[in-house]
Structure formats: C-alpha cells, structure tokens
Amino acid sequence: MNNTIHQSLDGNWKLAVIHQSNFLKMKLPATYDAVVSAGAIDGAVPGNFEIDLEKAGKIPDPFFGTNMLKMFRWEDCHVFYTRKFSFTPEAGTKPEFVFEGIDTIADIYLNGRFIAHTDNMFVTHRIDGKDIKNGENEIVVHIKPVCLETRKNSVSAGHSHQKYNFECIRLRKAPSMFGWDITPRLVSAGIYRSAGIYQRPAESFKQCYLMTRNIDPARKTAGTELFYDFDIGDNNIENYRISVKGKCGASEFSASSRLWFSAGKLRIDVQGAELWWPKGYGKPNLYEVEVTLEKNGKAVTAYQFKTGLRTVKLVRTGTTDISHNGAFHFVVNGRKVFIMGTNWVPVDSYHSRDKKRIPQIMELLKDIGCNAIRCWGGNIYEDPLLYDYCDELGVMVWQDFAMACGVYPIDTEFKKVIYNEAVSIIRSLRQHPSIILWSGDNENDQVIAGDGYGRDPNQNKLTREVLPDAVFNEDPTRPYLPSSPYIDEEAAKLPQAYLSENHLWGPRDYFKSQFYKGSLSHFASEMGYHGSVSKKSMKHFISPEKFWPWQDNDEWLVHAASPETDKSGEFVYRIELMAKQIKELFGAIPENLEDFIIASQISQAEAKKFFVELFRTQSHRSGLIWWNLIDGWPQWSDAVVDYHFYKKLAYYYLRQSQKPLILTFAEPHDWILPLCAANLSGTGTLEFSYQVKDFASGKTVLSGKGSCNDQECFQLATLPYSRGEKKIYLIEWESQTSAGNMYSGKNHYLAGEPPFELSFYKDFLNKIYGPWFREIFEGDKQ
C-alpha cells in the first residue's frame, strides 16, 4: 500500500532465556528493565533464540557432532524478547503491530500492559497499536515453552502422530521441528520473521484479489474479475470510486466503477492477454497491477502487486488399474502439463534463516530443470519470496496445508483454528499464479487408513469439510486435494497400490525392483533414495575421529536426524539403509570412507535418474515430484544438495535427465532394449542426430537421426538385451533449437542386473563425467 507508513522493528533486541523452574521463582514483570536484569543477552529479529545463545557462547554449535542431543534441556525455557522504540503518529492513520512470524505461544506487552496473545506460528499477527505513545515505548514478547504449554491440551485415543511429534497434535507449529527423518528435534522459539509498525490510512484495503475466470489462448483474451474489500468506516459510499489498471509489455487493461458497497467485484476483459505459462510451456508473463480507491475524485489509497493470468485444473480419478485406466494430471491454460518437480522441505532448522537461503536454492532449482515444487505439509508456509521467484520462473507450486503424518482433532474448537489459519494463508498467497493446487495435508489419509482400526479417512472433517470450505470461500480459481495421497471413497475399497497419485517409498531396495518400475500410479508426489554427503561436507559437522566407520557411530546416527542413539530410535535405520542400498548395487559395502561415499552417491544418482526417466518414457505417467533438493541441516539424506550447498552426483544426473530433450533407454522387455526420445521443450517438434556407444569397448552400437513431437516420448531404435550382460551405454545427440542454435546432449544407461563393479563404474565416471567427479570427490567447494 503506497501510503502506508512502515516502521521496522527488525534488528537488535534484548533476549532473556529462562528455564521453567527459575521462571516460576522469579515472577518476572513484562518490562524492558526486568528482562534486561534477568541476564539478557543481545538478540536479533528475525531470529531463533539458540542462534543468539551460540553467538553469546552459551551453547556449542548444535549442528556439530552430537550437540543436537543437548538441545533437549532448552525445551522448558521461557524466551523473552524486548526493545525500546520511538514512535511518531501520523494524523489520520491507524497504527498496528505486524508480526510476520512468532514461534509460537506468546504474550505481548506494550509499556508493561498486555496487548495480545499468539498461538500460531504459521500466520501473520496484526495487533491494534492504539496504545502506542508518541515518543519512547517499550515492547516485550514472552514466548512460552511449547513442550510444557501443550501438556494443557486435551489429546484423545483416536488422535495420533509419529513418536516424537505428539506435542503438535493441537499446536500450530511446524511438525518437523519436533523431529522427523529429515530434520533434527530442535523445537526452538523466536520472532522468526520480520516485525514492524504499520500506520494505515483510515480508508484502506482489507482484501484485493484479481482472479482469472477464463482464457482463450488462440484469441489472446482473458476474462478476469477483481474482488475488493475496503475499510471506509461510516462514510458516504457515493463519494468513492475504484479503478484498476494492469500492464505486461504491450498488453494493458483498465476498468473503474463507483462503489455500491465496501466490498464487491469488478469484471475486466483483457484483450491481447499475455498468459502466465509454466516453465517449458511458454513465458511466465506477469502483469503489474495497481488498484486505487478514490474519494471525491482524489486517490486516498492504492495497492500494487504482480500477478499472472492463467487457469488451472486437476484431472483425476481416485484409482487406476493395471491397464492404466485412470488419471492424475494438471491442465494449465487448457494444456496438459508434465511435472518434473522436487519436494520443498525445511531449508533450515532455524526458520529465521530460511529467507536468506531461498535465492541460492532457487538458482539450483532453475539449473536442475524443475518446473514445479511441492511445499510439503510438515514444514512452515514458506516466505513470500519463494512464491515471487516461482511466479517469475514459471515454477508451479503444489501447496500443502501444514499438517503431516498424523490424526488430528476434529472437534469444533480445532476446526475453527484450522479454518482461520487456512483463510489467512489463502488470502496471503492466492495472488501468486505459480500456485496450482491447495492440498489438505501430507499422508494423513494413509495414517488413518493404515492404523489398524479400520477407520475411513473420509471421516476426517478437517480435510473433507473445513479446508474445502475455506478454499471454496476464498479462492475459486484453484483445485483442492484433501490429502496426498488422497484416499477417496473409491480408493478406500482397494489396496493403496491402485492410487492414481502416490508416494512411492516402498522397501527402498534396488531402485529397479518391481515396486518402483511396476508402480501403477500416474503421478508420484514423493519418491527418493539415499545418498551420502561428501567428505569435505562432513568436516563441517563430524568430529575427525568419528568419520569412520559408519557402524555404531553416534554422530552419524544423530546426523541421520535421529534424536536418540539407541536401537529403539525411530530413525536409526537410515544409515544402515544407505549401506544396504550400496550393497544392492555393488554387491558389497566398501571398507573405507572414500569408496563408501562414492558408491552411495552413485547409488542415489542412478536411482533418481532412473525414476525421472521411467516417468518420462511411460505414456501413462503425468509427473514426478522427487524427494528432495536440499537439506535443512547437515545430514545423510535423500537430498541431492547438502546443507552447505555441496552438490551430490545425483544433482548432475537429475539435471541431465530433466533437460527438455533427452534420449534414454526405456526398461527392457522381450530381449530388447528400446532407445527413446522424450521432448518437453515447449517449442514443437525437435529433430536430432544421435549415437550410442558401449563404454567398455568404445564401439558405436546405434546411430541415426530422429524427431520427436513436443510433449511426447518416441521409440527410436532397439538393441538386443540380456540381463546377464553388464554394460554402460553412452548416449550423445545434437539438436537444433527453435532459435537455430545447436544443442548437444549426453546421457548414459546402466544395463544388466546388479551387482556391478565399483571400480569399473568409477573409471566410467572419471572418464565421462570427469569435472563432476573431481568437484564432488576431489576438489574444494566451488
């Protein structure tokens, strides 16, 4: 809002961290002086209190060694943030505090007086600032220990969660912060996003949303509708007028109308419309839009934003069958799109650091060739900066609501909490054209269906009533999916293997086992495979004496995200799983660290390459969202880039497999190995020349010319195939782009059945992908 005055409260605060036993003795007044006298240290907003404790030398680095296990002792702490600030009121405005993120249960005091209570980490909190004094003020934010506060909540026998996550059954805080197989148990607290004071004009926007009703790409027209909601008090409605204008290159639109009520809709037909297209299907065009409220012919407030014109539909059936009679795919602007995406999980265990990491991560996302992300339900709702990037890059966003792997309450009180949260989130994000789906949760349907009590996930009123009502009321432009995977009434009658959209984890054995290559789902929204971090990465978080061996190694276990190191730990299996996956591929587990790392990264790289190429070469598939791009702390995991931004081999293989045009071998059948071309260029038919060599002999075994239509996979040729022959085929091709530029591509295929010889594969890797090999395993960080 261009005439709203903003005063930032980011920066230096004072911070006191007090254990429960001491807090009960102190009865600390909520004043600046009292907090400072309670042993306060320097703190930062945005921030997490542990970061400031570490800076002050109060705790060791939680990310190193087994130090994360020492963080349990801080779970009973009260965290006080305080600062002084000066304020000058502006005539004709209404001041309010805006906290974009408080983690989590907090009481807020202004000049010693209570003014607000918060209990939701996910939403922005707006607090009336009518009592802010002209001149100096002080504010105190008292964040209470959630692990103690949640003991006051009622929990029923029908509720459920993972072993470490029962606190979050009623608590609106990121579930992953209590411990997950991809994040440590670091419960934390803090003012983790920006805070400030806004002085808003008396006449101001409550809501503004430009919606695309319909489009005609051939005629370049779009029907849009502007929803608006103003605060104009008791003023005479006849004096007001609304106007809107938008511009994208040479395309412009405008409209205006007098107000008949403080809220309403204004329809605008856009001629020469420039549509927002996903990556690979056209340009992600964005309009710069300004909406103005006029009073007696003079502008009193205005709102500027960027948005795109596009439509989106989800075409799905509940199930599929062995003949692939089913569907799960997205249609954007009338075109079916194939999704190559990655799951967006916590990018830092300290969420105050998320925003700074996003730009570098988005460069990775762009480079690796993804056209979509799935914002996973065990996380927070990500900073708006992420969605801005996705809008600009044409990256589609599947957005989960923040519930995961649990059975949550469905009583009236909790339904209201979820509804209000959803309304807040939808309103804050719905203007982003990149968001193509609201999804109710992550895997809650599977938890309910699989808990052994014969319960039907369709009885979950949160995802069958509350959330669809919120979407229906707040965003008529997008599809809604109750859960991922979604077990509807039809699917509940069949084994989950028949789901049209699924999470393909399974036994996590050899990546070409029948579970993976024979899966029936049209769309996989989770699918991953383990890969070790590099030795240079380990130096950041593992003690030198703990580098090797991997067996009975407490530091390795902790950095497989296990919050305990005995055999009863929920996640202690993950290191051994990684070792077993190496043995599946190479027949033995290396006895030295260097070969273990190389073998593990090869195993992961081949697996993820296979998953993507499997989905690209089978006509009934419509997309894959693999798990995952980057870690949120130093660990052994499925990520293809570690926390310190060191790329694993899988990153390069995926970048190759997600090129718009790829040549690869589909899976063998009937003694033949089919060579296929898959084209997702968005530029029409591509012509190319190619050759295939046997790496060991250097002989050319196939060559020729071919073409492939856009959005198709086409079989070019075949080779004779025997499972007993273990080979690596090197595939190279050249193609001319629509701009006339020559494009060369490279790929390979691992033929035969394991075990393969690690020494042979290392030789191949060094000779064919030498720069990658040296960067990962020999060189310093690039």
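Which residues does Glu613 touch, not counting residues up to four places away in sequence? Glu613 touches Ser657, Ile662, Thr664 and Asn747, where contact means heavy atoms within 4.5 Å. This view and the others below are taken from a predicted model, in which local features need pLDDT of at least 70, side-chain atom pairs count only at pLDDT 80 or more, and totals for chains, interfaces and linings use all residues. Residues are numbered from 1 along each chain as its sequence is written, and side-chain values use heavy atoms, with hydrogens and water left out.

View 1. Glu613 is placed in helix 14; helices (H or I, at least four residues) and strands (E, at least two) are DSSP runs, numbered from the N terminus. Glu613 counts as buried because its relative accessibility is 6%. Buried means under 20% relative accessible area, exposed over 50% and partly exposed in between, with a 1.4 Å probe and protein chains only.

**View 2. Packing of helix 15 on helix 17.** Helix 15 (residues 649–657) packs with helix 17 (residues 770–777) at an angle of about 150°, and their axes are 9 Å apart. Axes are lines fitted to C-alpha atoms, for helices over the stretch in contact, and angles run from 0 to 180 degrees between N-to-C directions. The two helices are therefore roughly antiparallel to each other; angles under 35 degrees count as roughly parallel, over 145 as roughly antiparallel, 65 to 115 as roughly perpendicular and the rest as oblique. From helix 15, Leu649, Tyr652, Tyr653, Arg655 and Gln656 meet Trp772, Glu775 and Ile776 of helix 17. The residues of this contact divide into 5 nonpolar, 1 polar and 2 charged. Here Ala, Val, Leu, Ile, Met, Phe, Trp, Tyr, Cys and Pro count as nonpolar, Asp, Glu, Lys and Arg as charged, and the others, Gly among them, as polar.

**View 3. Cover of helix 17.** Helix 17 is mostly covered, with 6 of its 8 residues buried. These buried residues are Gly770, Trp772, Phe773, Glu775, Ile776 and Phe777. Their cover includes helix 11 (535–538), helix 14 (593–616), helix 15 and helix 16 (758–768).

**View 4. Aromatic rings.** The structure holds 53 aromatic pairs. Rings of Phe, Tyr and Trp (its six-membered ring) pair if their centres lie within 6.5 Å; planes under 30 degrees apart count as stacked, over 60 as edge-to-face and the rest as tilted. One of the pairs, Phe253 with Tyr287, is tilted, at 5.6 Å centre to centre and 50° between the planes. This pair links distant parts of the chain, with Phe253 in strand 16 (residues 251–258) and Tyr287 in strand 18 (residues 287–295), 34 residues apart. Phe253 and Tyr287 are both buried. Elsewhere, ring pairs link Phe586, Tyr651, Tyr652, Tyr653, Phe695, Phe760, Tyr761, Phe764, Tyr769 and Trp772 into a cluster.

**View 5. Strand 7 and its two partners.** Strand 7 (residues 106–110) has 5 of its 5 residues buried. Ala106, Ile108 and Leu110 point one way from the strand, while Asp107 and Tyr109 point the other way. Strand 7 pairs with strand 8 (residues 113–118) in the antiparallel sense over 5 bridges; two strands pair if DSSP finds at least two bridges between them. Asp107 stands opposite His117 of strand 8. The hairpin of strand 7 and strand 8 has 2 residues between the strands, and Asn111 takes a positive phi near 50°. Strand 7 is also joined by 5 bridges to strand 10 (residues 135–143), and these two run antiparallel. Val140 in strand 10 is the bridge partner of Tyr109.

**View 6. The open sheet 34-33-36-37.** This open sheet of 4 strands has antiparallel pairing. Strand 34 and strand 37 (742–751) are the edge strands, each pairing on one side only. On average, neighbouring strands of the sheet are turned by 20° against each other, direction ignored. Strand 33 and strand 34 run antiparallel and are joined by 8 bridges, and Leu686 stands opposite Cys708 in strand 34. Ala696 is found in the loop between strand 33 (686–694) and strand 34 (700–708). Ala696 counts as exposed because its relative accessibility is 61%.

**View 7. Phe714 in strand 35.** Phe714 lies in strand 35 (residues 712–720) and, at 42% relative accessibility, counts as partly exposed. Not counting residues up to four places away in sequence, Phe714 touches Leu675, Cys676, Ala677, Ser707 and Cys708.
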